[in-house]
Amino acid sequence: MTGPDRNAFAEKARYWWHELRPDPGSGKPGDRATLARLRRCGCVADALFEPAVQALAHRCGARHEDDLARVALVAAVLAHVRSDDASLPVARRIGPVDATDAKTALCKPVRFRRVLDADGFDECLRAFRRLVILAGNSVNVSDIARSVFAWPREGMWDHTAAERIRVRWVYEYWNAGEPGNGVTAGESMESEKERQS
């Protein structure tokens with residue numbers, strides 16, 4: 001899937017996740033059983049056997065083996081998310097409050113480095129599950145879906161998408177702005193919201 005396709009996928013994945021989440025306030029039961037099975041998946045292949053994951057893959061038009069594995073990876077990670085916090089990109093949320101004090105980060109730099117180094121599907125599954133838990137199970141669902149989809153280098157013939165995501169995450173983690181323009185992550189989210197209005 002290309003860049004625009006990844007954005008469309010992220011929105012479809014967010015909608016899929018929202019459908020599965022129970023909402024006691026509105027009386028919506030969700031699908032707790034599917035979420036529990038996805039949380040227990042030991043590997044990405046296990047997630048592929050879930051009918052809800054196949055439904056997401058069908059909804060997104062994923063047909064290639066690599067795309068199916070990526071959809072399953074995203075689904076297994078999203079199963080750990082309890083609430084959608086669209087106010088910040090995921091990397092900014094887990095990064096240090098002040099770039100000069102790494103101790104304030106939810107995800108310490110050494111662990112963040114391990115996330116950046118994750119290459120394979122199952123390695124990414126373990127890394128991102130931990131990351132969601134470190135963030136208190138509350139992350140920007142669209143951002144994590146888009147990022148996790150492009151993260152694994154396994155099965156990619158062109159690693160540029162995976163590298164661009166990693167570079168963006170490093171900039172956002174340290175609140176250094178967007179690569180090449182000097183705008184901080186907070187300012188970037190504000191300008192994006194203004195463009196959408």
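The legends below describe close-up views of a predicted model. Local features require pLDDT of at least 70 and side-chain atom pairs pLDDT 80 or more, whereas totals for chains, interfaces and linings use all residues. Residues are numbered from 1 along each chain as its sequence is written, and side-chain values use heavy atoms, without hydrogens and water.

**View 1. Helix 5, residues 65–78.** Helices (DSSP runs of H or I, at least four residues) and strands (E, at least two) are numbered from the N terminus. The 14 residues of helix 5 reach 20 Å from first to last C-alpha, close to the expected 20 Å (1.5 Å times one less than the number of residues). Eleven of the 14 are buried (under 20% relative accessible area; exposed is over 50%, partly exposed in between; 1.4 Å probe, protein chains only). Among them are Asp67, Arg70 and Leu78.

**View 2. Arg21 in the loop between helix 1 (3–20) and helix 2 (32–40).** Arg21 is buried yet lacks a salt bridge (a side-chain nitrogen of Lys or Arg within 4 Å of a carboxyl oxygen of Asp or Glu). Asp23, the nearest side chain of opposite charge, is 9.0 Å away (Lys and Arg count as positive, Asp and Glu as negative; His and the chain ends are not counted). Beyond neighbours within four places in sequence, Arg21 is in contact with Lys28, Gly30, Leu35, Val81 and Arg82 (heavy atoms within 4.5 Å).

**View 3. Asn175 in the loop between helix 10 and helix 11 (185–196).** Phi of Asn175 is near 55°, a positive value in a residue other than glycine. Asn175 is partly exposed, at 31% relative accessible area.
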